[in-house]
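Please work through the following exercises with the sequence and the coordinates at hand. Each task sentence is followed by a stepwise solution.

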Amino acid sequence: MRRYFFRILRLRNLLAITFLLILLYIIKNTTEVRTIADVAKPVQQSLRRFLQKESDKEYFVPTSLKKIDWHNYQQIEYERKRVGIGEHGLPAHLPEKDSVIEKDLYAVNGFNGALSDKIPLNRSLPDIRHHGCHKRLYIESLPTVSVVVPFHNEHWSTLLRTAYSVLNRSPTFLIKEVFLVDDASTKDFLKQKLEDYVSQHLPKVKIIRLENRSGLIAARLAGAKKASADVLVFLDSHTEANVNWLPPLLEPIALNYRTVVCPFIDVVAYDTFEYRAQDEGARGAFDWELFYKRLPVLPRDEENMPEPFESPIMAGGLFAISRVFFWELGGYDAGLDIWGGEQYELSFKIWQCGGRMLDAPCSRVGHIYRKFAPFPNPGHGDFVGRNYRRVAEVWMDEFAQFLYRRRPHYLRIDPGDLSEQKALRQKLHCKPFRWFMTQIAFDLTAKYPPVEPNPFAEGQIRPATHLQFCVDAHHGAQMEPLQIKACTRASAAEQDFQLSWHKDVRSKSRNMCWDVPDSSPKSPILLYSCHLGGGNQLWRYHPDTKRLKHGTNDNCLDWDPPTRSLYIKPCDNSETQEWVIDSVDNEMLDRWDEVAKRVTGPVEPDVE
Ligand SMILES: [Mn+2]
């Protein structure tokens with residue numbers, strides 16, 4: 001009896017296996033499946049997912065490293081043929097009759113909302129990517145994406161254009177969901193009307209509502225918590241994703257889940273909605289008041305364009321990060337209020353705690369930089385200062401003092417409880433801030449020194465043969481020439497200068513520098529805003545010969561006593577090229593070559 005039962009069981013197994021084989025055979029022959037691997041891949045993938053969850057490593061791992069062309073040529077062709085207002089990102093204007101509503105919506109948004117309403121939500125954009133991007137391939141196995149778009153009182157058409165651009169210019173199967181996170185907006189059309197529109201036209205878009213105004217950081221966190229895809233892509237609520245923007249963001253994350261990738265941010269003009277580049281790339285940084293700054297792309301990265309390159313600090317609003325890595329890093333510090341400092345917190349964490357950050361030149365997203373901020377400040381007191389204090393205390397170690405030296409009142413702000421953040425730093429064995437400054441942001445201090453070096457020389461500048469005369473900027477405007485005048489301390493004159501550590505000669509009272517646009521003999525010295533770029537504003541003083549040398553050519557400051565005109569001339573032995581500066585710092589001059597030197601690599605060995 002029992003034996004009989006087992007026999008049936010065995011027979012049933014045999015039947016089942018045979019049935020399965022026949023089924024696979026049918027699938028292989030009737031569908032478009034080319035190899036048995038195509039059937040096996042999804043099975044493999046889900047099996048791997050299952051195993052990864054078991055070992056608590058649920059980050060995305062690509063199943064194939066084969067590179068393919070991800071361009072959607074059908075969409076590109078469709079966009080190429082479009083005509084109309086604002087199409088191809090060309091500048092647009094409203095007719096005179098709309099000027100009243102234009103003014104109204106300008107005031108409400110800080111950009112031309114009325115014009116935006118006239119431009120199609122799915123308008124075409126110009127492909128302004130580096131030429132190398134057109135033929136770039138990316139691996140065929142890419143992670144899925146949850147897009148998170150926080151908004152507060154965003155204008156209707158700019159908000160929806162953000163969603164449309166994402167959905168139209170991304171491979172459909174990679175976008176799992178788009179969260180619009182409403183930070184307690186008060187505009188009527190953002191309530192039921194938005195709800196209805198989205199459920200009718202944009203099934204992948206979901207709206208998350210925050211009950212009280214909570215700020216950008218809390219809104220991003222709320223979206224991230226609901227997200228279920230492999231990768232989180234954070235976008236601003238008035239952006240437009242450009243052609244093939246997604247694969248360049250995702251590939252580096254697929255290959256290493258601790259990589260965070262930022263797109264190039266293009267400019268959508270607040271007045272005409274023209275789409276244009278802001279530049280062809282830079283690396284993110286900060287000064288010691290924590291203003292966001294940018295450093296030039298390194299020579300080696302310039303050579304490798306359009307290969308993604310490392311950037312110390314993200315701009316903040318637009319980036320892609322593995323969902324698993326985001327939460328490994330604790331998301332954003334939930335103690336950060338409203339906005340401010342969050343891009344530093346996350347950037348420091350990423351670098352110091354085992355990750356890296358890249359800018360992807362082939363991924364471009366347009367952003368409307370408002371003309372002015374139209375919303376009242378929701379915070380109470382100096383919430384930005386409090387945020388900065390939190391970030392500095394937890395992540396910046398001994399470098400925090402350089403911030404406090406410039407903003408002493410931060411030391412009197414209570415940063416709140418930091419124990420959770422400090423515990424996270426310990427748990428993840430994050431590297432010291434000094435490591436970040438010397439290995440990643442190694443060129444930051446050369447441009448933004450923690451302590452400003454003294455000027456090389458300062459005071460009045462006189463011809464050595466006529467000490468009663470002084471160089472005078474006479475409060476002149478941009479492009480006006482410098483003159484030689486009788487020395488005076490009267491305020492009508494402007495004779496106090498600095499040969500600053502930037503190696504330019506500037507007025508002591510304003511940001512105006514000695515500039516020589518034309519280096520031919522007898523060219524005048526003009527006033528121009530200091531650009532810190534050397535070149536035509538580069539000056540060096542030689543106390544031994546009393547010469548003020550300009551630029552890298554062998555030109556010297558010179559003058560003509562009868563006419564008192566001031567100019568540059570090739571350096572020679574004439575006495576008219578001798579100058580006396582009130583106060584010269586010889587120690588600084590001895591260090592000339594070390595000061596403001598361009599740094600293009602790590603500055604000292606890793607101290608760890
Ligand atoms: Mn914005």
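The exercises below concern a predicted model.

**Exercise 1. Confidence**

Task: State the average pLDDT of the protein and the pLDDT over residues 51-56.

Solution: 
- Step 1. The protein has an average pLDDT of 92, and 92% of the residues score at least 70.
- Step 2. Over residues 51-56, by contrast, the pLDDT is below 50. This stretch makes three contacts in the model beyond near neighbours in sequence.

**Exercise 2. Leucine 250**

Task: Determine whether leucine 250 is buried or exposed, and identify the residues that it touches.

Solution: 
- Step 1. Locate the residue: leucine 250 belongs to helix 9, which spans residues 246-255.
- Step 2. Apply the criterion, under which a residue is buried if 20 or more other C-beta atoms lie within 10 Å of its own. Leucine 250 has 30 C-beta neighbours inside 10 Å and therefore counts as buried.
- Step 3. List the contacts: when residues up to four places away in sequence are not counted, leucine 250 touches Leu142, Pro143, Val231 and Ala320.
- Step 4. For a separation in space, take glycine 89: its C-alpha lies 25 Å from that of leucine 250, and the two are 161 residues apart in sequence.

**Exercise 3. The surroundings of helix 9**

Task: Explain why helix 9 is described as largely enclosed, and name the strands against which its buried residues pack.

Solution: 
- Step 1. Of the 10 residues of helix 9, eight are buried, so the helix is largely enclosed by the rest of the structure.
- Step 2. The buried residues are Leu246, Pro247, Pro248, Leu249, Leu250, Glu251, Ile253 and Ala254.
- Step 3. Their packing partners are strand 2 (138-139), strand 3 (145-151), strand 6 (231-234), strand 8 (259-268), strand 13 (319-322) and strand 14 (356-368).

**Exercise 4. An annotated region**

Task: Describe the secondary structure content of residues 455-582.

Solution: 
- Step 1. An unreviewed UniProt entry places the feature "domain: Ricin B lectin" at residues 455-582.
- Step 2. Over residues 455-582 the chain is 0% helix and 41% strand. The end C-alpha atoms are 12 Å apart.

Technical notes
Residues are numbered from 1 along each chain as its sequence is written. This is a predicted model: local features need pLDDT of at least 70, side-chain atom pairs count only at pLDDT 80 or more; totals for chains, interfaces and linings use all residues. UniProt positions are given in the numbering used here, feature names are shortened, and annotations may be inferred rather than shown by experiment. Helices (H or I, at least four residues) and strands (E, at least two) are DSSP runs, numbered from the N terminus. A residue is buried if 20 or more other C-beta atoms lie within 10 Å of its own, exposed if 12 or fewer, and partly exposed in between; C-beta atoms are placed from the backbone. Two residues are in contact if their C-beta atoms, placed from the backbone, lie within 7 Å. pLDDT is the predictor's confidence in each residue, from 0 to 100.
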